[in-house]
Amino acid sequence: MLLFFLLTAGLPGQENKGLRTRADELLRENRPAEALPLYISAKEQNPRDPDIYRNLGYVYELLGDYENAVKTYQQGSTVATLNKDIFYNAMGRCLFRLERFGEAESQYDKALDYNPSNYAVYVNRANVRVELREYQKAINDYSSYLSLERTPQQEAEIRRMLGLLQEILEEEKTRIAAEEAKRREEEARQKALLDSVLSSLDDVGEETQSMSAGTEDIEEPDVIIELVE
């Protein structure tokens, strides 16, 4: 009986380890649909293991279920004591897929608050900022990535993107300058027109004043009305 108790007492831990191990194997074999229920069971048995949340969230991503991926990564970020930036970066990645760009940017901000040297986050946040038309901020992020990563991936594409963004900003500056010049030109034209009208009104005032001044010297004779008896 004692031997049986010792064996059965070890089963829950062994079962949990077996679920996680098998799920990891299936994930490595690119079989996320089969790994999904195993990770869910492993999470229920060990809800304080951040690695399970990380892998489960990734499985949801592979299956295109980004909503559940975000929820899983969020749960993982609350139990993780280290590498929280990985969870926030993953949430940002999924929110980007959902085209919730503002929320994605916020998650990337949090990731960099925890780990400002995580160069992958800079690229991801730059991509979001391109979608948000925050071109100068995107340029800054792409540049940060290139300066942090010694062997940057897709370096040619990133440098091409930087060139395109710089062109957009220059064109925007030119457009704004042209619009400002046009606005000032229109203001000057309107002011000249108003000054011309005001000048004419002043001339009319002067003429009226002159006419009034000319009649001041004219004395009208006293009119005597004789009463007829």
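User: What covers the buried residues of α7?
Analyst: The cover includes α6 and α8 (119-131). Keep in mind that this is a predicted model.

User: Which residues of α7 are the buried ones?
Analyst: They are Phe101, Ala104, Glu105, Gln107, Tyr108, Ala111 and Leu112. Looking down the axis of α7, these buried residues fall within an arc of 160 degrees, so they line one face of the helix.

User: Why would spaced-out residues point the same way?
Analyst: An α-helix has 3.6 residues a turn, so residues three or four places apart point the same way.

User: How many residues does α7 have, and how far does it reach?
Analyst: α7 has 14 residues. From first C-alpha to last, α7 reaches 20 Å, close to the 20 Å expected at 1.5 Å a residue.

User: Let me zoom out. How many helices and strands does the protein chain have?
Analyst: It has 10 helices and 0 strands. Read along the sequence, the pattern is α-α-α-α-α-α-α-α-α-α.

User: What percentage of the residues count as buried?
Analyst: Of the 229 residues of the protein chain, 31% count as buried.

User: And among contacts between residues at least 6 apart, what percentage join residues at least 24 apart?
Analyst: That figure is 39% in the protein chain.

User: Switching to aromatics. How many aromatic pairs are there?
Analyst: The count comes to 3 aromatic pairs. One of them is formed by Tyr88 and Tyr114, and this pair is stacked. Their ring centres are 5.6 Å apart, with 15 degrees between the planes.

User: Where do those two tyrosines sit?
Analyst: Tyr88 is in helix α6 (residues 84-97), and Tyr114 is in helix α7 (residues 101-114). The two are 26 residues apart, and the pair links distant parts of the chain.

User: Is Tyr88 buried or exposed?
Analyst: Tyr88 counts as buried because its relative accessibility is 10%, under the 20% cut-off.

User: What about Tyr114?
Analyst: Tyr114 is partly exposed, with a relative accessible area of 48%.

User: What's in the loop between α6 and α7?
Analyst: Glu99 is located there. Its phi is near 60 degrees, a positive value in a residue other than glycine.

User: Is Glu99 buried or exposed?
Analyst: Glu99 is exposed, with a relative accessible area of 59%.

User: Which elements give two or more residues to the lining?
Analyst: Those are α8, α9 (135-148) and α10 (155-215). The largest share, 5 residues, comes from α8.

User: Tell me about α9. Which of its residues are buried?
Analyst: Tyr135, Ala138, Ile139, Asp141, Tyr142, Tyr145 and Leu146 are buried in α9. Down the axis of α9 they fall within an arc of 165 degrees, so they line one face of the helix.

User: And how far does α9 reach?
Analyst: It reaches 20 Å from its first C-alpha to its last, close to the 20 Å expected for its 14 residues at 1.5 Å a residue.

User: Back toward the start of the chain. Where is Asp24?
Analyst: Asp24 is in helix α2 (residues 11-28). At 16% relative accessibility, Asp24 counts as buried.

User: What is Asp24 in contact with?
Analyst: Leaving aside neighbours within four places in sequence, Asp24 is in contact with Tyr39 and Asn55.

User: Last one, Lys43. Where is it found?
Analyst: Lys43 is found in helix α3 (residues 32-45). Beyond its neighbours within four places in sequence, Lys43 is in contact with Ile52, Tyr53, Leu56 and Gln75.

User: What separates the C-alpha atoms of Lys43 and Tyr53?
Analyst: They are separated by 7.1 Å, with the two residues 10 apart along the chain.

Terms used:
Residues are numbered from 1 along each chain as its sequence is written. This is a predicted model: local features need pLDDT of at least 70, side-chain atom pairs count only at pLDDT 80 or more; totals for chains, interfaces and linings use all residues. Side-chain values use heavy atoms; hydrogens and water are left out. Helices (H or I, at least four residues) and strands (E, at least two) are DSSP runs, numbered from the N terminus. Buried means under 20% relative accessible area, exposed over 50%, partly exposed in between (1.4 Å probe, protein chains only). Contact means heavy atoms within 4.5 Å. Rings of Phe, Tyr and Trp (its six-membered ring) pair if their centres lie within 6.5 Å; planes under 30 degrees apart count as stacked, over 60 as edge-to-face and the rest as tilted. The expected span of a helix is 1.5 Å times one less than its number of residues. The arc is that of the directions from the helix axis to the C-beta atoms.
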